Amino acid sequence: MSHQKEGAGMDAGLITPFADSIRHVFDTLFQLPVCVGETTVKEGNRCPFDVSGVVGLSGSIAGTVVLSMPSETAVAVVALFTGERLEPESDAFADAVGEIVNIVCGHAKSLLDRRNVSISCPSVVVGRGHRVAFQSGIPRVAIPCTTDRGELVLEVAVRPVPAASITAA
């Protein structure tokens with residue numbers, strides 16, 4: 001994975017675990033290989049696809065991670081996860097998307113060199129043209145991915161938190 005376009009202030013060591021995690025989780029949990037494209041810095045807050053799972057990170061790393069997929073891809077991935085086809089309007093579908101982004105972030109956390117990181121409960125947004133507000137001042141990196149079930153993108157906006165800030169909280 002190339003890190004040349006990650007932008008000023010973005011630590012590649014904080015992004016690589018997320019790219020590695022999406023590959024690992026989709027391959028082992030869904031038997032769905034993922035081809036990770038070149039990371040780019042993303043502007044704006046509009047999500048590229050119709051379904052997005054969102055989690056916050058806190059501790060020695062703070063920020064937001066969004067897994068966004070077209071509805072068709074999300075339905076296919078959720079079916080691999082649950083063993084049944086769920087409609088995007090159902091609560092079970094949202095729960096499954098939230099759990100998938102949670103698993104991806106949990107595995108990335110395990111790759112972050114023993115940093116103390118907490119993952120929030122996931123939120124899921126379904127609808128064309130939705131937006132997710134990210135904390136200002138943190139570059140957002142888009143990690144585009146393709147599978148044989150469709151494309152998806154993992155958007156990561158994280159920053160290290162100084163140890164003094166963690167203990168003061």
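Guide: Searching the whole structure turns up two aromatic pairs, where rings of Phe, Tyr and Trp (its six-membered ring) pair if their centres lie within 6.5 Å, and planes under 30 degrees apart count as stacked, over 60 as edge-to-face and the rest as tilted. Phe-26 and Phe-30 form an edge-to-face pair, because their ring centres are 4.9 Å apart and their planes stand at 85°. This is a predicted model, in which local features need pLDDT of at least 70 and side-chain atom pairs count only at pLDDT 80 or more, while totals for chains, interfaces and linings use all residues. Residues are numbered from 1 along each chain as its sequence is written, and side-chain values use heavy atoms, with hydrogens and water left out.

Phe-26 and Phe-30 are four residues apart in helix H1, which means that about one helical turn separates them; helices (H or I, at least four residues) and strands (E, at least two) are DSSP runs, numbered from the N terminus. An α-helix has 3.6 residues a turn, so residues three or four places apart point the same way. Phe-26 counts as buried, with 0% relative accessibility, and Phe-30 counts as buried too, at 4%; buried means under 20% relative accessible area, exposed over 50%, and partly exposed in between (1.4 Å probe, protein chains only).

The rings of Phe-30 and Phe-81 have centres 5.9 Å apart and planes at 85°, so this pair is also edge-to-face. It links distant parts of the chain, since Phe-30 lies in helix H1 and Phe-81 in helix H2, 51 residues apart. Phe-81, at 27% relative accessibility, counts as partly exposed. Through these ring pairs Phe-26, Phe-30 and Phe-81 are linked into a cluster.

The axes of helix H1 (residues 12–30) and helix H2 (residues 71–82) come within 9 Å and cross at roughly 55°.

Technical notes
Axes fitted to C-alpha atoms, helices over the stretch in contact; angles between N-to-C directions.
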